[in-house]
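Colleague: I'm new to reading protein models and could use a guided tour. Could you walk me through this one?

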Amino acid sequence: MPESSPRIFYVPNEFGGFRQLGFRDPLEALVSAGRVASLATFSVLDAIRNGGDAERHREELVRRVSDFRPDILLMQHLGHTGLRRQHFAALRAACPGDFIYHEADPYSRYLHPIPPEAKAAGRAADVVFTVGSSGFSENFRRAGSADVRWIPSAYEPTRSANFDRPIRKDRPYDVVIVANRNRPRLRGLPDWR
């Protein structure tokens, strides 16, 4: 294993049986390939939604990160976790390396603003990755994030078993996207027009 292989602590946006395979699978593959020294994962959202004292779960996150001492702390979509400035200060102190925050939900400035947890994470992070440009990125800059960068959405091909089927030649399209084409007068996402 290379000397510079990092230790990564991953805080996913998961609860119940849902898993962030678009992040988990590549991280685990990097561990298997020896490119990552070790990986620890803890979903504070899952712990909180499973019950018990929410503040105790937030403290558990800080304790786990402190014990692990990661080179990279990767946190993802922290809405509904109740994490605040003091938690992120403790997480920063526990992570001597890079603190990365990833946000894949679209937020607007007024009608669907960034949750307080995401703002606080963005201010504490070394870099914020978001799947939207312009309005999405500006939301984090206004909230105090120093370095905001665009990253494409994670694609999880293992979520669909139909991709293993042979391509049918009798269909007019290879891919069909089912999306929302409404035109709200007030409530639109950034750049929806």
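This is a predicted model: local features need pLDDT of at least 70, side-chain atom pairs count only at pLDDT 80 or more; totals for chains, interfaces and linings use all residues.

Colleague: Okay. How many helices and strands does the protein chain have?

Modeller: The secondary structure comes to six helices and six strands.

Colleague: Can we zoom in on one pair? How many bridges join strand 4 to strand 5?

Modeller: Four bridges join strand 4 (residues 98-103) to strand 5, and the two run parallel. I100 has V127 in strand 5 as its bridge partner, and E103 stands opposite T130 in strand 5.

Colleague: Which way do the residues of strand 5 point?

Modeller: V127 and F129 point one way from strand 5 (residues 127-130), while V128 and T130 point the other way. All of them are buried, whichever way they point.

Colleague: What about helices packing on each other? How do I describe that?

Modeller: Two packed helices are described by the angle between their axes and the distance between the axes. Here, helix 4 (residues 85-94) and helix 5 (residues 116-124) pack at about 35°, and their axes are 9 Å apart. Helix 4 passes helix 5 in a right-handed crossing.

Colleague: Which residues of helix 4 meet helix 5?

Modeller: R85, F88 and R92 do, and on the helix 5 side they meet E117, A120, A121 and A124. Sorted by class, the contact of helix 4 with helix 5 has four nonpolar, no polar and three charged residues.

Colleague: R92 is in that list. Is R92 buried, partly exposed or exposed?

Modeller: R92, which lies in helix 4, has a relative accessible area of 25%, so it is partly exposed. To count as buried, a residue must be under 20%. Leaving aside neighbours within four places in sequence, R92 is in contact with G97, F99, A124, A125 and D126. Compare the positions of R92 and L73 too: they are 19 residues apart along the chain, and their C-alpha atoms are separated by 8.8 Å.

Colleague: Let me try another residue, S5. Why does S5 count as buried?

Modeller: S5 counts as buried because its relative accessibility is 10%, and the cut-off is under 20%. You'll find S5 in the segment before strand 1 (7-11).

Colleague: What does the side chain of S5 reach?

Modeller: It reaches the backbone oxygen of G34, at 3.2 Å. Not counting residues up to four places away in sequence, S5 touches G34, R35, V36, A37 and D71.

Colleague: Great, I'll go and find those in the viewer.

Note on methods
Residues are numbered from 1 along each chain as its sequence is written. Side-chain values use heavy atoms; hydrogens and water are left out. Buried means under 20% relative accessible area, exposed over 50%, partly exposed in between (1.4 Å probe, protein chains only). A polar contact is a pair of N or O atoms within 3.5 Å; within protein, one must be able to donate a hydrogen and the other to accept it, and residues adjacent in sequence count only if both atoms are side-chain atoms. Contact means heavy atoms within 4.5 Å. Axes are lines fitted to C-alpha atoms, for helices over the stretch in contact, and angles run from 0 to 180 degrees between N-to-C directions. A crossing is left-handed if the near helix is turned anticlockwise from the far one by less than a right angle, and right-handed if clockwise. Ala, Val, Leu, Ile, Met, Phe, Trp, Tyr, Cys and Pro count as nonpolar, Asp, Glu, Lys and Arg as charged, and the others, Gly among them, as polar. Two strands pair if DSSP finds at least two bridges between them.
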